[in-house]
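Keep the viewer open and follow along.

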Amino acid sequence: MSSEAAIFKILTSDYAVAAAVGARIYPGDGTALPQVPTYPAVSFHITSATANPTLSGASTIDSDGFQVDVWASSYLSASAVGETIRRALEAYRGTIAGEDIQQIRFLNKMDLAEDNPNEPRIWRRSLDFDVTYTRLNTP
């Protein structure tokens with residue numbers, strides 16, 4: 001599997017996240033959202049990947065940087081859903097979607113507003129995480 005599949009499974013399996021956004025969780029950056037999205041919605045993508053090779057071969061422990069974006073029609077909604085996402089992911093450990101997650105660390109958050117003169121303002125909360133995992137299917 002992949003770390004993306006693990007993040008997707010964690011988010012879609014969390015009751016609080018489901019209550020906040022339903023099934024509106026989209027792998028990929030903001031362009032993964034539907035053409036006319038319903039808010040709030042969430043998108044996520046890998047921002048970096050680090051392998052940790054050993055002297056005996058390929059890396060068995062990798063670390064991927066993730067950005068999770070919450071898209072909402074109000075600042076308070078983006079903020080609240082962002083905190084719900086953080087609670088679901090931060091310090092997560094366990095095996096899910098074929099990946100043995102060693103730890104998910106919260107790194108940073110940032111608030112942005114998407115301005116389009118022909119549409120209402122959309123608020124975005126970006127959250128950065130580091131996911132360290134053991135690759136279960138290494139050669």
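Start with the largest nonpolar core, which has 24 residues. A nonpolar core here is a set of buried Ala, Val, Leu, Ile, Met, Phe, Trp, Tyr and Cys residues joined through side-chain atoms within 4.5 Å. Buried means under 20% relative accessible area, exposed means over 50%, and partly exposed is anything in between (1.4 Å probe, protein chains only). The residues with the most contacts inside this core are Ile7, Leu11, Val42, Ile85, Leu89 and Ile104. At least two core residues come from each of helix 1, helix 2 (15-21), strand 2, strand 3, helix 3, strand 5 and strand 6. Helices (H or I, at least four residues) and strands (E, at least two) are DSSP runs, numbered from the N terminus. In soluble globular proteins, nonpolar side chains tend to be buried together.

Before going further, a word on ground rules. This is a predicted model, with local features needing pLDDT of at least 70 and side-chain atom pairs counting only at pLDDT 80 or more, while totals for chains, interfaces and linings use all residues. Residues are numbered from 1 along each chain as its sequence is written, and side-chain values use heavy atoms, with hydrogens and water left out.

Pick out Leu11 next. What is Leu11 in contact with, leaving aside its neighbours within four places in sequence? The list is Val17, Ile25, Phe44, Ile85, Ala88 and Leu89, where contact means heavy atoms within 4.5 Å.

Six strands make an open sheet with mixed pairing, in the order 1-2-3-6-5-4; two strands pair if DSSP finds at least two bridges between them. Strand 1 (25-27) and strand 4 (94-96) are at the edges with a single partner strand each, so one side of each has no neighbour in the sheet. From one strand to the next, the twist averages 35°. Strand 1 runs parallel to strand 2 (residues 41-51), and the two pair over three bridges. Within this pairing, Ile25 is opposite Val42 of strand 2.

Two helices pack on this sheet. Helix 1 (residues 3-13) touches strand 1, strand 2, strand 3 (61-72), strand 4, strand 5 (99-114) and strand 6 (122-134), and its direction makes about 145° with that of strand 2. Helix 3 (residues 75-89) touches strand 2, strand 3, strand 5 and strand 6, and its direction makes about 10° with that of strand 6. These angles run from 0 to 180 degrees between N-to-C directions, with axes fitted to C-alpha atoms, for helices over the stretch in contact.

On to the rings. There are four aromatic pairs, counting rings of Phe, Tyr and Trp (its six-membered ring) with centres within 6.5 Å; planes under 30 degrees apart are stacked, over 60 edge-to-face, and the rest tilted. Phe44 and Phe66 have ring centres 6.3 Å apart and planes at 45°, so this pair is tilted. Phe44 is in strand 2 and Phe66 in strand 3, so the pair ties together parts 22 residues apart in sequence. Phe44 is buried, at 1% relative accessible area. Ring pairs also link Phe8, Phe44 and Phe66 into a cluster.

Finally, look at Gly28, in the loop between strand 1 and strand 2. Gly28 is partly exposed, with a relative accessible area of 22%. Not counting residues up to four places away in sequence, Gly28 touches Ser43, Phe44 and His45.
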